Amino acid sequence: MKIKTNVVFEHLLQSEKKITVEQGGTRSGKTYNILLYIIFKYCLENTGKTVTICRKTFPAVRSSVMRDFLDILKQYKSYSEAEHNKSNHEYKLNGNLVEFISLDQPQKVRGRKRNLLFINEANELDYEDWQQLVFRTEDKIIIDFNPSDEYHWLYDKVIPRDDADFYITTYLDNMFLNKSIVEEIERLKDTDETYWQIYGLGLKGVSKATIFNYIEVNKIPEDAEFVSYGADAGYSNDPTTLVSVYKKEHNLYIREHLYQTQMTTYDIANKWKQLGIQRETIYFDSAEPRLIEELKRMGFNVRPSLKGADSINAGIDLLKRFKIHIEADSHNCIQEFRNYKWQEDRSGKMINKPIDKNQHTIDAVRYATYSVLSKPNFGRYTII
Ligand SMILES: Nc1ncnc2c1ncn2[C@@H]1O[C@H](COP(=O)(O)OP(=O)(O)OP(=O)(O)O)[C@@H](O)[C@H]1O
Ligand SMILES: [Mg+2]
């Protein structure tokens, strides 16, 4: 059978390393040609293998990469209803099993071992997600993503690996695009410099709108004073987080203790116990009075975070008065601080409002600091 491919397919034929990273601008043919490789190369030449195709959330899997996969099979008259298990989102191809999963289904992530893993839009994943998947992949990992984050664990922890090949493609590598899409992409040159950099050229975007600077440290100094714990509550998509904050003169030190979805009150209490928390103050998202009350009844010294007029900006202002240090293995926290940005209006002018996205540890840090340090008498006496 003759299949039409682009350069991404060639990369995969050449790449002999365990990991192949396909960074790129929008519409460069990454996803489509990785799927062609999986279908017409990997699955045709192997049998008895397990292929996992994943993305952060299932609605995203369903509307993008799974749809492309089925469309390709149909287009090449290779689709068979009998091989398609629609309820489990699995497809049997030449004695291989292709499964579609998302990171919000932990039982599937931790499920069967796989031989080939394709992570679509890998920048949506947390570092822990990546590790869970990697530990259960035996042969090959393929990743695609748009480099829309200025800082990301992909740049630090995956691309520099000896066993990773790295490629960048742009819309110019995709001869299957029609003219109007090409024009739409090229319009970005004039309208949005950062977007053009990322989605046009496939290069890391650099933004002026980053809110915090910080330094990574190996260890929090022993003589830094404990400020408090801060906790933010999430459930299905957003993680529940816990951080502790310490202070020494004009330096703040932050340690991440928890960053996990699907945590019930009971799970949170267990985790806190494991961490050895007894009567230390924990400032908790004040929008969660029931959780706060439940945890209080379980014996923890939980208090609602201080609210107030414009408490987000006031909290950010307070944090900005300090030099911020984050422990180097607080990966999620570092990632959030790096990527936390001010919103921009249509003309690209910054507005005094942070983008409300991926700030779960930042919120926890804000609760811990603002609730304590905005009080005028902090440090003058100890509250027991
Ligand atoms: N080999 C091919 N044969 C036919 N059409 C193709 C091929 N490669 C790419 N295309 C077309 O180009 C479109 C864009 O490709 P694709 O979705 O792979 O880009 P992408 O790099 O994953 O983009 P994004 O970064 O926006 O996800 C596809 O939807 C498909 O219509
Ligand atoms: Mg894609």
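## A pair of strands in a predicted model

Four bridges connect strand β4, which covers residues 90-93, with strand β5, which covers residues 96-102, and the two strands run antiparallel. Within this pairing, L93 has N96 of β5 as its bridge partner.

## The eight-stranded sheet

The strands β4 and β5 belong to an open sheet of eight strands, whose order is β3-β4-β5-β2-β6-β7-β1-β8 and whose pairing is mixed. At its edges stand β3 (84-85) and β8 (164-169), each of which pairs on one side only. As a general point, the strands of a sheet pair through backbone hydrogen bonds, and they may do so in a parallel or an antiparallel way.

Helix α6, made of residues 127-134, packs on this sheet and touches β1 (19-24), β2 (50-55), β5, β6 (114-119) and β7 (137-145). The direction of helix α6 makes about 145 degrees with that of β7.

## Strand β1 and its two partners

How many of the residues of β1 are buried? Six of its six residues are, and the strand is accordingly described as mostly covered. From β1, the residues I19, V21 and Q23 point one way, while T20, E22 and G24 point the other way, and all of them are buried.

Strand β1 is joined to β8 by six bridges, with the two strands running parallel, and it is joined to β7 by five bridges, again with the strands running parallel.

## S102, a residue of β5

Returning to strand β5, we find S102 within it. Is S102 buried or exposed? The relative accessible area of S102 is 0%, and because the limit for a buried residue is under 20%, S102 counts as buried.

The side chain of S102 is joined to the side chain of D104 by a polar contact of 2.3 Å. When neighbours within four places in sequence are left aside, the residues in contact with S102 are R55, K56, T57, F58, V61 and V109.

## L36, a residue of helix α2

Residue L36 has its place in helix α2, which covers residues 30-45. L36 also has a relative accessible area of 0%, and therefore it is buried.

Which residues does L36 touch, not counting residues up to four places away in sequence? They are K4, T5, F9, K41, I72 and Y76. A further relation along the chain concerns D68, which is 32 residues apart from L36, with 9.8 Å separating the C-alpha atoms of the two.

## The surroundings of ligand 1

There are 17 residues around ligand 1, and of these K4, T26, K30, T31 and Y32 come nearest. A polar backbone atom of K4 lies 2.8 Å from a nitrogen atom of the ligand, and an N or O atom in the side chain of T26 is 2.8 Å from an oxygen atom of the ligand. Residue K4 is also one of the residues that L36 touches.

Residue N146 has a polar side-chain atom that lies 2.9 Å from an oxygen atom of ligand 1. Taken alone, ligand 1 exposes 620 Å², and the protein buries 84% of that area.

## Helix α13 and strand β15

Helix α13, which covers residues 331-339, is mostly covered, with eight of its nine residues buried. The buried residues are N332, C333, I334, Q335, E336, F337, R338 and N339. These buried residues of α13 pack against α6, α7 (153-158), β9 (215-217), β12 (251-260), β15 (323-327) and α14 (360-373).

Key: Residues numbered from 1 in each chain as written. Chains lettered and ligands numbered in written order. Predicted model: local features only at pLDDT ≥ 70, side-chain atom pairs only at ≥ 80, totals over all residues. Heavy atoms only, no water. Pairing = 2+ DSSP bridges. Contact = heavy atoms within 4.5 Å. Axes fitted to C-alpha atoms, helices over the stretch in contact; angles between N-to-C directions. Buried < 20%, exposed > 50% of the residue type's maximum accessible area, 1.4 Å probe, protein only. Polar contact = N/O pair within 3.5 Å; in protein donor to acceptor, adjacent residues only side chain to side chain. Near = heavy atom within 4 Å. Areas by Shrake-Rupley, 256 points an atom, 1.4 Å probe, with all protein chains shown as cover.
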